[in-house]
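Me: Please take a close look at one part of this model, a sheet and the helices packed on it. Keep it brisk, and give the cut-offs.

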Amino acid sequence: MMRTGQEYLNSLNDGRRIYIDGKRVENIPDHPALSGISQTISRLYDHMADPKQEMTYTSPKTGAPVSKAYMIPRSKEDLTAKRLAMKKSADLTYGLVGRSPEHVANFLAGFASSPELFAEAGQSYADHVQQYYEYARDNHLFGSYAIVQPQIDRSKPAHEQEDPYLAAGVYEEKKDGIVLRGAQMLATSGAVSDFLFLSCIQPLRPGDENYAVSVAIPLNTPGLKLYLRRGYAMDKPSTYDYPLSTRFDETDALAVLEDVFVPWEQVFVYCNIDLTYKQFFSTPAHNFGNTQAQVRFVSKLQFIAGLVKKMTMTTGTIKMPPVQGQLGELISRISVFEGLLLAAESTAKPNKNGVYVPNPRFLYSAMALQPQLNNSVLELARELAGGGLIQLPSSYKDFASDETVKDIQRYVQSPGVTAEERVKLYKLAWDIIGSEFAGRHQQYERFYGGPPFVVKGQAYKYYGFEEADQLVADCLDSYSLEETLQESI
Ligand SMILES: Cc1cc2nc3c(=O)[nH]c(=O)nc-3n(C[C@H](O)[C@H](O)[C@H](O)COP(=O)(O)OP(=O)(O)OC[C@H]3O[C@@H](n4cnc5c(N)ncnc54)[C@H](O)[C@@H]3O)c2cc1C
């Protein structure tokens with residue numbers, strides 16, 4: 001049976017150590033910073049459990065339904081089925097939960113599809129990957145990850161920092177496992193997930209062997225602590241005023257490992273710089289995980305397009321040809337991403353293990369353009385929304401007060417749109433364009449896949465210049481100085 005939303009909620013108070021505002025969170029699903037996102041993930045699990053949604057496939061091991069995010073695609077049809085299932089999940093959250101349960105599930109599927117890579121360090125590591133993948137898949141687990149060293153001094157490798165245990169690394173090797181000490185960033189959704197995948201995606205240098213690990217750690221493991229940033233849901237007057245901040249703030253956290261013991265069965269890579277890097281890029285893991293990220297991003301862009309159209313309908317500006325042109329530009333920018341996502345899927349090829357991998361040319365091009373295009377979409381949304389985003393009552397309470405309600409109803413309406421409806425729409429728009437939640441999202445779209453200069457380097461690496469090179473070679477071959485000289489005689 002699929003996990004229900006209630007089962008998910010019941011599992012969250014398992015002794016995990018989550019800190020916010022200097023205090024340990026006692027009750028995860030009830031805490032003001034976490035209740036909205038817990039309820040959202042719970043709804044997602046209920047949705048997934050509904051067979052009509054077609055978000056599951058049959059586990060090859062148990063025969064029970066499991067999330068398609070865990071599926072290892074062996075055909076283009078599998079890729080399409082995965083995308084449609086992940087789009088349903090993304091649509092349920094309007095593309096606003098970046099690290100939903102589908103994200104890390106895709107990384108694990110990518111790892112499990114390439115056992116030979118992990119076996120380079122010994123068959124037992126490949127077995128750990130396979131067993132943990134099956135365990136997570138068949139128990140419908142929600143993984144989060146922290147795979148970047150804390151931003152302390154980027155000019156030095158981890159082993160040259162003042163203290164060797166600032167970044168998370170191996171402190172001790174024991175017979176039955178390893179002990180990790182240090183910190184890693186930035187576990188988005190970590191507080192409401194089941195396990196943390198901890199590794200390092202940044203290139204490591206010789207001497208960094210202790211930081212070259214890849215492990216899965218259940219959230220309630222002794223010694224694991226998550227420090228959350230400010231919760232955007234915490235001080236909000238109502239969901240009517242902040243409909244997104246209050247329900248979709250997935251939280252981001254610094255993971256601190258205070259001598260965390262990890263049994264060997266949960267260790268995928270151990271003190272191996274080469275394999276730590278290759279697990280992401282010589283398997284389909286990074287590709288699969290970021291394909292999910294693009295599916296999610298397309299949902300969000302479509303949501304923004306719908307919002308902007310509705311705002312221009314409300315104020316009547318949609319009737320003006322220049323505004324229709326701006327809307328045309330907005331949706332053209334948005335369609336580029338949908339097109340790249342579909343292109344990556346339709347030109348996917350099987351790798352040496354017969355696993356279908358979306359075409360990295362289109363995937364990484366989309367990721368490389370994401371920060372600029374995301375900004376330009378928001379810029380157009382701001383321009384078309386005008387001051388309506390700001391000319392809003394301070395909160396729902398203006399509707400509840402006899403002294404204020406009449407003025408609000410009279411002056412904040414539009415033709416055929418009541419003040420209640422109009423305020424609702426523009427407050428929703430503000431929460432995706434201008435609130436603190438919106439600002440964090442801009443930073444997320446810029447950095448979730450790594451710093452932009454690195455992502456652009458991946459776009460360059462995976463473009464595949466054969467056709468481009470051939471076209472230039474053909475053109476250069478099609479004329480010559482010799483011919484020109486002969487013609488001029
Ligand atoms: C909202 C949000 C959510 C995130 N969620 C997750 C998550 O769930 N899991 C996770 O593991 N990580 C997550 N991250 C972290 C993300 O992976 C990192 O932010 C990203 O890898 C960039 O690393 P950094 O922030 O340390 O930036 P840095 O590496 O410090 O880079 C910052 C800037 O410095 C410059 N710079 C740095 N190094 C160089 C160089 N060598 N050459 C030229 N310029 C350079 C660039 O301008 C770069 O943009 C998240 C980040 C954000 C903002």
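Reply: Two strands count as paired if DSSP finds at least two bridges between them. Helices (H or I, at least four residues) and strands (E, at least two) are DSSP runs, numbered from the N terminus. The model is predicted: local features need pLDDT of at least 70, side-chain atom pairs count only at pLDDT 80 or more, and totals for chains, interfaces and linings use all residues. Residues are numbered from 1 along each chain as its sequence is written, and side-chain values use heavy atoms, with hydrogens and water left out.

Leu198 stands opposite Val215 in S9. S8 (residues 195-198) and S9 (residues 214-218) run antiparallel, joined over four bridges. Both belong to an open sheet of four strands, in the order S5-S8-S9-S12, with mixed pairing. S5 (143-146) and S12 (267-269) are the edge strands, each pairing on one side only. On average, neighbouring strands here are turned by 25° against each other, direction ignored.

Now the helices. H4 lies across S5, S8 and S12, at about 80° to S5. H6 packs on the sheet too, touching S8, S9 and S12, and its direction makes about 125° with that of S12. Contact means heavy atoms within 4.5 Å. Axes are lines fitted to C-alpha atoms, for helices over the stretch in contact; angles run from 0 to 180 degrees between N-to-C directions.

The two helices also meet. The axes of H4 (residues 101-112) and H6 (residues 123-138) come within 9 Å and cross at roughly 145°. Leu108, Ala109, Phe111 and Ala112 of H4 touch Val129, Gln130, Tyr132, Tyr133 and Ala136 of H6.
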